[in-house]
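My entries follow the structure.

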Amino acid sequence: ALDLSRLTPQDAARFLTQATFGPTPTAIEALVSKGYGAWITEQITAVPPSSHRAETMHDFNRNQTVGGTGNRDPVTQAYQRPGGPHRQAAWWKIAVTGPDQLRQRVAFALSQILVASDANGTIAQWQEGAANYYDIFVNHAFGNFRTILEEVTLSPMMGIYLSSLRSAKATFNARGEPTSLPDENYAREVMQLFTIGLHELNPDGTLRLDPNGLPIPTYTQETIVQVAKVFTGWGYANATPGATANANLFRGSPANYIEPMMLWPAFHDDTAKTIVGGRVLPAGQDGMKDLKDTLDALFEHPNTGPFIARQLIQRLVTSNPSPGYIYRVARAFANNGAGVRGDLAAVVRALLLDYEARSPDVAATATFGKLKEPLLVATALLRGFGGASNSGRYNIPNPEGALGQAALRSPTVFNFFEPNFVLPGAVAEAGLYAPEYQILNDTTALTQLNFHYRSEERRVGKECRSRW
């Protein structure tokens, strides 16, 4: 057993590498003084969270001439510009200087699991909406995963990204042939990527096998078809009295990129549905009840705990957690000690204080740890060396060009790299996963170094003034 009550500066630096966007001398000193448990509690209880939406709009209002103008947001009446310069500037400022480091680091991890991306052109035009989506993870980083799941599902950004927005029940011609069918995109990804994965898991994250030694699918194509019906009838929020009785408004309602999508009952499929696990949703129940029942079924599925636990461990601590490590964190997901399932504060505490996360002996093994993500390399350098901006603006546009990665700008719903990516060669032969290596290639190996070199060039002779 480890004595976690006493820690060295080296211990503190390693912990802060996992739990923040990079250790600083001040943070190391504070952690050594407070101890792990007190520091985590302080971070969990600190309010208010640093808001990406608020900082994005603050950056825009302060720098209107920097970003140019674009389309007008119908909710805020603030101009937005494709490409996300203000949201990116907000992300970098909060990552480098925000006091709620653990919350922000967990939010970043969650944003890489429940992915929406402003690589999508429509989302890119609405930076405030994209920032508002990111704040789902910020606001609930220590809340309940079930809450995140519902807010993500009803986010107009997700509705745009995975095309559940304005998906409608099937229509048929006079011969009874379908002329349109519900969109299946979100139904597939909410199962495959956001909750239960492709195959049934044991509580420790290992695969359950059938009598023939083969993995057991968690769902079928027919399950996707049925779940797609659940996500029909959801459109932009509209406060017009009697809006849902107006069929034209379902398709033509003004875009609202901030408020959760609302149900337009005439377009919801109210037939009976057999969803994941064989659960039957009865015909004629309210569309919101269909949605809540489906999200409950996914949240309560035995796969969800180990599936999410493993990926959070990968994002914060190590690419190849042992089954025992996954089991212990998944157990905290299943029950926080007070009978509550999905409590992310309990999950994060269990994850960071686990023996495998804190043991120097485990850390010294060749299979432990992870390649640091390019964004985390950059933020750690900035924090460690006191990177600052005289203007207060952390303008690093399009970092995915040089770094191969940018917050909330993945090229696909599978994130910049996948949790099961295997690097050919010695790593693969050792049976290990190496997610971050998926974006390390001949080009990014050079552009990442050049990014940091250019940052240093801008610093020299300027007495550490603004580098951007």
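The entries below concern pockets and cavities.

I note that this is a predicted model, in which local features need pLDDT of at least 70, side-chain atom pairs count only at pLDDT 80 or more, and totals for chains, interfaces and linings use all residues. Residues are numbered from 1 along each chain as its sequence is written, and side-chain values use heavy atoms, with hydrogens and water left out.

I worked on a 1 Å grid over the protein atoms alone: a cavity is a set of points where a 1.4 Å probe fits but cannot get out, a pocket is an open set with protein on both sides within 12 Å along at least five of seven lines, and lining residues have an atom within 4 Å of a point. Grid points are joined across faces, edges and corners, and a volume is the space filled by probe spheres set on the points.

**Largest pocket.** I found about 840 Å³ of space in the largest pocket. It has 35 lining residues, and Phe307, Arg310, Pro419, Asn420 and Tyr433 are the closest to its centre.

**Cavities.** I searched the whole structure and found 2 cavities of 30 Å³ or more. The largest cavity holds about 60 Å³ of space. I listed its lining residues, among them Phe108, Gln112, Ala116, Leu408 and Phe416. For the second largest cavity I recorded a volume of about 30 Å³. Its lining consists of Ala116, Ser117, Asp118, Ile123, Ala130, Tyr133, Met157 and Leu408.
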